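Open the model in your viewer and keep the sequence panel beside it. This tour goes stop by stop.

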Amino acid sequence: MYRSRLGTDLSDITLDYVSSIDDDSEIALYDILGSQAHSLMLFQNNIITKNDAKKILSSLENLKNEKFDSSSGAEDIHELIESLVIKKAGMASGGKMHTARSRNDQVVLDIRMKIRDDVNIICNCLLDTIESLVSVAKNHQKTIMPLYTHLQQAQAGLFSHYLLAQADVLFRDFQRLFGTFDRINQSPLGAGPVGGTSISIDRHSTAKMLGFDTVVENSLDATSTRDFVAEYVAMISILMTNLSRMSEDFVIWSTAEFSFIELSDEFTSPSSVMPQKKNPDILELTRGKTAEVIGNLTAILTTVKGLASGYGRDLQQIKSSIWETSKISISALLIIKSILLTMKVNKKHMRKITESSNLIALDIAEKLVQEGTPFRITHKIAGILVQLSHNSKKSISKLTSAEIKKSVEGTDVDPKIVSKIISSITVVSSLKDRKSYGSSGYDEQKRMISDRVQKIHACRLDMSKRENKIVLALEDLAKQVSQIIN
């Protein structure tokens, strides 16, 4: 249909080279809906007759349940659907469907509709995963574990604190995607090839029918830019990077050396030759698929960075990167959620490691600060205590009076005060005393969990409002189509 200028059909090799039909199954329904809205608008503005509209809309409605043949010889789904409409409705009516529209605004319309649905799916998956993190955190407000910097034990903490940290990271991913939606949900339909049309169409009408918030006003901008695609895939790249980091934590913590958690058999696999192995394959694949998504972002940016203004066929190649990015992120979120809800936490071992690691050193320093000693001096004293503990192969709490006295040499600090502080501090008391806003103290866990539960509820309400707007618009479109057809 679009190749008539060539005067002959493309050879099979060339057709395969230019065709995107295999990638277009993801947007077939969106193309039908967009064509219905456009045809309705043409009728409502007296550009086509009611008889033409009825034939076109009826043909499009019948195509909703059709499985499209990728070996049809069509270059893309847009050409295939139009050819099928003409076949069903006849050229006299079906040939009018493409009036005042270009494949350029048509394809970007379909991509925007697909991405906006994917954004909503991913946002809901994010909230489900966040909810699972908060739910597991509720059960581990007393589960003591070491917190790390440089992969070295740093402070005593709570497993709930770690889980809430991951929840907050994913909340930001949700907020980024939620905001990205506003720039995606703008209709390019009716912009034409690049410069608009002389036919009196109503672009705002089609935008409303399809549930868009507004239109992309400038026709050149509407058809030829893909910054919204790059933004979407960039947001997913950040999300996947966050999931990859969480996966790495769980990979490390599930090793025999750490043994903090045990992954469900469903998300591990044995070795092909070593039956005792329990390999965290799913988490490793999450890391690998993160690299794939980042690669998709690179491919998209590399494609668009060298294009002149106006549509270029290069843009066809980014579609598969979008679809794959969506598929990977949705699957990753579903899997991480399931891993969280099925893993076992080795509470006793985590606590044992924490209590054997002199993680009360900072607490000793801070208690001395409260006695009026400058922090740099208390830091030095605590450091000497740790060194003495290490050299004598016993915990700080087991140090002798003579050893404690040695730690304060050259200072005005009374060693008896240091001894009293050491005897009063435990990992549990450390967590009870942790009062700073957002800390891993016991009281802060309760507050933060309550806050996150409310936040999830508010986000779900926002999602429902946004999704309902699209659903209602498409339901109304279906009613208008039905009224004309019947």
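In which helix is serine 247 found? Select helix H10, residues 227-253, and serine 247 is there. Helices are DSSP runs of H or I with at least four residues, strands are runs of E with at least two, and both are numbered from the N terminus.

Before moving on, note that this is a predicted model, where local features need pLDDT of at least 70, side-chain atom pairs count only at pLDDT 80 or more, and totals for chains, interfaces and linings use all residues. Residues are numbered from 1 along each chain as its sequence is written, and side-chain values use heavy atoms, with hydrogens and water left out.

**Stop 1: serine 247**

Is serine 247 buried or exposed? Serine 247 is buried, at 0% relative accessible area. Buried means under 20%, exposed over 50%, and partly exposed in between, with a 1.4 Å probe and protein chains only. Now show what serine 247 touches: Leu283, Thr286, Arg287 and Ile336, leaving out residues up to four places away in sequence. Contact here means heavy atoms within 4.5 Å.

**Stop 2: the nonpolar cores**

Select Tyr232 and Phe250. These two have the most contacts inside the largest nonpolar core, which has 105 residues. Such a core is a set of buried Ala, Val, Leu, Ile, Met, Phe, Trp, Tyr and Cys residues joined through side-chain atoms within 4.5 Å. Helix H6 (residues 103-138) gives the most to this core, with 17 residues. Another core lies apart from the largest one; it has 21 residues, including Ala156, Leu388, Ile404 and Val427.

Stay on tyrosine 232. Beyond its neighbours within four places in sequence, tyrosine 232 is in contact with Ile115, Asp118, Val119, Ile122, Leu177, Thr180, Ile184, Ile322 and Ser326.

**Stop 3: H2 against H3**

Select H2 (residues 28-44) and H3 (residues 50-63). Their axes come within 10 Å and cross at roughly 170°, so H2 is roughly antiparallel to H3. Axes are lines fitted to C-alpha atoms, for helices over the stretch in contact, and angles run from 0 to 180 degrees between N-to-C directions. Under 35 degrees counts as roughly parallel, over 145 as roughly antiparallel, 65 to 115 as roughly perpendicular, and the rest as oblique.

Show the side chains. On the H2 side are Ile32, Ser35, Gln36, Ser39, Leu40 and Phe43; they meet Lys50, Ala53, Ile56, Leu57, Leu60, Glu61 and Leu63 in H3.

**Stop 4: the cysteines**

How many disulfides does a search of the whole structure find? The search finds zero. A disulfide would be a pair of cysteine sulfur atoms within 2.5 Å. Select cysteine 123: its nearest cysteine sulfur, on cysteine 459, is 8.8 Å away. Cysteine 123 is buried at 0% relative accessible area. Cysteine 459 is buried too, at 10%.

**Stop 5: loops**

Go to alanine 100, in the loop between helix H5 (91-94) and H6. Alanine 100 has a positive phi of about 60°, although it is not a glycine. Alanine 100 is buried, at 12%.

Next, serine 259 sits in the loop between H10 and strand S5 (261-262). Serine 259 also has a positive phi, about 55°, without being a glycine. At 27% relative accessibility, serine 259 is partly exposed.

Finish on asparagine 139, in the loop between H6 and strand S1 (144-149). Asparagine 139 is exposed, at 57% relative accessibility.
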